[in-house]
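This report describes selected parts of one protein chain. Look at the sequence and structure first, then read the sections below.

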Amino acid sequence: MKSLLVLVDSHPGHRDELAAAFGHGCFQALAVGPEAASSIDSLELGAVALSLLGGPSLLSLVDGWRANPQLRSVPVAAVVKPGDGALAEAAWSAGVDEVLPWPDEDEHLRAGLRSLERISRHRHEVAAFDGLLGKIMTAFEAREPATFEHGERVARIAVAMGAHLGLSVETQERMRRGALLHDIGTVILPDRSMYQVGVLGPGALDEVHAHPVVGYSLLKGVPSLEPVLPFVHRHHERINGSGFPDGLRGSEITLPVQVVAIADAYDAMTSARPYRATFSRREALEMLGEEAESGLWDEALLLPLRRATLGAGQWDEGG
Ligand SMILES: [Fe+2]
């Protein structure tokens with residue numbers, strides 16, 4: 001289905017022509033006057049195009065749209081006469097996402113519209129992800145508050161490690177989301193097996209071991225959640241092949257997943273669990289160091305982990 005592009009133009013004489021020109025390809029175009037600009041937030045919009053063919057005055061609308069939660073993520077294009085560099089510059093400064101010269105060759109206009117559509121689709125996906133993530137996290141927090149808080153701490157450590165490792169901001173954001181959700185599969189575990197008192201019986205152990213696969217199956221098939229699946233599915237894999245569920249080895253486990261996995265292990269060691277003692281930061285780092293020597297972890301992750309946990313409220317033991 002084509003998404004809706006609303007064109008705002010001050011001159012009724014232009015509107016039909018503009019709507020016809022901008023309405024092919026991925027968008028269906030609707031041309032309206034500036035008086036309708038304040039009520040377009042009731043429409044499900046793919047994008048807005050602001051005609052500056054009559055001058056810059058309509059640019060003042062951009063601020064209002066950006067302040068409106070319904071319109072904030074809708075991409076805005078400015079339509080300017082070809083070669084009007086000053087107006088194009090003013091439009092960029094006002095915060096538009098794209099400048100479309102018009103009239104122009106069809107090919108150029110189509111390329112501009114495609115770029116606008118890409119921005120629109122991307123923002124839609126992010127908004128859908130955030131909406132869905134918010135709902136899942138609310139349910140998760142209510143059902144498993146301790147696991148939820150553990151996810152938040154793992155996310156903080158993993159993102160800080162990602163920054164020390166020089167990973168991109170996008171990758172860090174993916175890690176944050178993955179870390180928040182990594183234990184989502186525990187929601188099906190009966191009687192909080194993850195935090196059960198005493199030694200886990202064989203049945204409970206199977207349930208705990210099943211949670212990465214359960215979490216993966218829960219979230220699988222939702223396109224906006226696709227980027228977090230590896231974290232949910234693979235955070236108990238270890239590079240020497242000793243992890244679960246599939247005993248992956250080495251680079252079969254991506255670096256961002258390895259980072260979340262070691263942050264997860266660190267937080268599990270340093271936070272209270274009813275079935276075993278809590279370790280200090282130093283003890284946890286020592287144990288993880290020994291595990292790295294025995295092949296469980298990439299040793300290159302130890303320094304970023306050390307740095308990332310320095311500010312985590314455990315200053316007592318130094319670097
Ligand atoms: Fe887990």
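## A β-α-β unit

Strand 4, helix 3 (residues 85-93) and strand 5 form a right-handed β-α-β unit. The model is predicted.

The strands of this unit, strand 4 (residues 76-80) and strand 5, pair in the parallel sense, with 4 bridges. One of the residues involved is valine 80, whose bridge partner in strand 5 is proline 101.

## The two faces of strand 5

Side chains in a regular strand alternate between the two faces of the sheet. Strand 5 covers residues 98-101. Its covered face holds Glu98 and Leu100, while Val99 and Pro101 are on the uncovered face.

## Helix 6

Helix 6 consists of 13 residues, 169-181. At 1.5 Å a residue it should span 18 Å, and its end C-alpha atoms are 19 Å apart, so the two values agree.

The buried residues of helix 6 are Gln172, Met175, Arg176, Gly178, Ala179, Leu180 and Leu181. In an α-helix there are 3.6 residues a turn, so residues three or four places apart point the same way. The buried residues of helix 6 pack against helix 4 (106-143), helix 5 (145-164), helix 8 (229-234) and helix 9 (255-270).

## Cis peptide bonds

Most peptide bonds are trans. The bond from tryptophan 102 to proline 103 is cis, with omega near -5 degrees. Proline 103 sits in the loop between strand 5 and helix 4.

Phenylalanine 244 and proline 245 are also joined by a cis peptide bond, with omega about 10 degrees. The loop that contains proline 245 runs between helix 8 and helix 9.

Technical notes: Residues numbered from 1 in each chain as written. Predicted model: local features only at pLDDT ≥ 70, side-chain atom pairs only at ≥ 80, totals over all residues. Buried ≥ 20, exposed ≤ 12 C-beta atoms within 10 Å, placed from the backbone. Pairing = 2+ DSSP bridges. Right-handed = clockwise from strand over helix to strand, strands pointing away. Expected span 1.5 Å × (residues − 1). Contact = placed C-beta atoms within 7 Å.
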